[in-house]
Structure formats: structure tokens, C-alpha cells
Amino acid sequence: VQLQASGGGNVQAGGSLRLSCRGSGRFSSLNTMAWYRQAPGKQRELVASITSGGMLNYADSVKGRFIISRDNDPHLIFLQMNSLKLEDTAVYYCKGVIGLYDYWGQGTLVTVSS
């Protein structure tokens with residue numbers, strides 16, 4: 001199972017970015033898919049998640065600004081990030097869950113500047 005994240009970059013505060021994550025490999029389905037982030041000197045934290053049934057969960061810090069969604073392809077998810085703040089600067093990782101196992105993508109850097 002491989003997860004490929006893309007879409008990171010540099011953006012000014014208040015701007016928007018959309019991240020994508022595609023799962024590939026020999027598996028039938030990914031259950032929950034999620035975005036995490038890790039800022040310099042901080043622990044990795046959950047940003048948002050979406051289950052195969054469509055249940056959504058967001059960190060309080062991004063509620064109302066970020067939207068996680070799933071494409072018609074169930075192994076492709078997006079994270080629409082709006083009204084970006086300086087504190088959103090981090091490496092963003094996608095994660096997929098199959099059964100009891102977690103699979104991580106390589107991370108994509110988001111840098112928000114003033």
C-alpha cells in the first residue's frame with residue numbers, strides 16, 4: 001500500500017491550498033483516511049479524517065476553514081485549506097487505515113507566510 005500526497009506549497013496568510021492523497025497498491029479498500037500535520041518542534045497531530053462511510057472529524061483549530069473530502073475514487077482524498085494562518089505551516093501527511101494497520105504517505109510541506 002502506498003499513499004502519495006501532493007499539493008503543498010507556499011501561500012500567504014488568508015490564502016488557500018488543496019492537498020491530494022491517493023492510495024495505490026494491492027488492497028480492497030481503505031477504511032479511514034486522514035490528514036495529519038507536524039510543525040517544526042511539535043508532535044504530529046490529526047487535522048481531519050473521513051471514514052469509508054463518510055463520517056468526518058476535524059481538529060478544533062481547523063474547523064470552519066478546512067474541508068476533507070473523498071473523490072468518487074474512494075482511495076483519493078482531498079484537504080481544502082482556506083483562510084490559512086501562519087500556524088498552519090507544517091508538513092502534512094496523509095494516512096490510510098486498513099484493518100488494524102496504518103499506512104502513511106511521504107508528507108507535503110505547507111508554508112504560510114505573512
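1. Let us begin with the pair of cysteines that you can pick out in the model: C21 and C94 form a disulfide, with 2.0 Å between their sulfur atoms. Please keep in mind as you read that this is a predicted model. A disulfide is a covalent bond between the sulfur atoms of two cysteines. The pair links distant parts of the chain, since C21 sits in strand β3 and C94 in strand β9 (residues 90–98), 73 residues apart. The structure holds 1 disulfide.

2. Stay with this pair a moment longer. The torsion about the S-S bond of C21 and C94 is about 55°, so the disulfide is right-handed. Are the two cysteines buried or exposed? C21 has 0% relative accessibility and therefore counts as buried. C94 also comes out at 0%, so this cysteine counts as buried too.

3. Now for the sheet that contains β3. Strands of a sheet pair through backbone hydrogen bonds, either parallel or antiparallel. Here 4 strands form an open sheet in the order β1-β3-β8-β7, and the pairing is antiparallel. Which strands lie at the edges? They are β1 (2–6) and β7 (66–70), each of which pairs on one side only. On average, neighbouring strands of this sheet are turned by 15° against each other, direction ignored. Along the way you will find L3 opposite G23 in β3.

4. Next, have a look at the hairpins. Strand β4 (residues 33–38) pairs with strand β5 (residues 45–50) in the antiparallel sense, over 5 bridges. In this pairing R37 stands opposite E45 in β5. The hairpin of β4 and β5 has 6 residues between the strands, and G41 there takes a positive phi near 75°. Strand β5 is also joined to strand β6 (residues 56–58) by 3 bridges, and these two strands run antiparallel. S49 has N57, in β6, as its bridge partner. β5 and β6 form a hairpin with 5 residues between them, where G54 in the turn has a positive phi of about 95°.

5. Which residue other than glycine has a positive phi? Look at S83, whose phi is near 50°. You will find S83 in the loop between β8 and β9. Its relative accessible area is 41%, so S83 is partly exposed.

6. Although A34 and K95 are 61 residues apart in sequence, their C-alpha atoms are 5.1 Å apart in space. Leaving aside neighbours within four places in sequence, A34 is in contact with L46, A48, S49, I68, I77, Y93, C94 and K95. One of these contacts, C94, is the disulfide partner of C21.

7. What lies inside? The largest nonpolar core has 27 residues, and those with the most contacts inside it are W35, V47, F66, I68, L79, M81 and Y92. Each of β1, β3, β4, β5, β7, β8 (76–81), β9 and β11 (108–113) supplies at least two residues of this core. Take V47 as an example: not counting residues up to four places away in sequence, V47 touches W35, Y36, R37, N57, Y58, A59, V62, F66, L79 and Y92.

8. R65 lies in the loop between β6 and β7. Is R65 buried or exposed? With 9% relative accessibility, R65 counts as buried. A polar atom of the R65 side chain lies 2.9 Å from the backbone oxygen of S61. Setting aside residues up to four places away in sequence, R65 touches Q80, M81, N82, S83, L84, K85 and D88; among them is S83, the residue with the positive phi near 50°.

9. Finally, visit I67 in strand β7. I67 has 46% relative accessibility, so this residue counts as partly exposed. Apart from residues up to four places away in sequence, I67 touches Y58, F78, L79 and Q80.

Notes:
Residues numbered from 1 in each chain as written. Predicted model: local features only at pLDDT ≥ 70, side-chain atom pairs only at ≥ 80, totals over all residues. Heavy atoms only, no water. Pairing = 2+ DSSP bridges. Axes fitted to C-alpha atoms, helices over the stretch in contact; angles between N-to-C directions. Disulfide = S-S within 2.5 Å. Buried < 20%, exposed > 50% of the residue type's maximum accessible area, 1.4 Å probe, protein only. Polar contact = N/O pair within 3.5 Å; in protein donor to acceptor, adjacent residues only side chain to side chain. Contact = heavy atoms within 4.5 Å. Core = buried A, V, L, I, M, F, W, Y, C linked by side-chain atoms within 4.5 Å.
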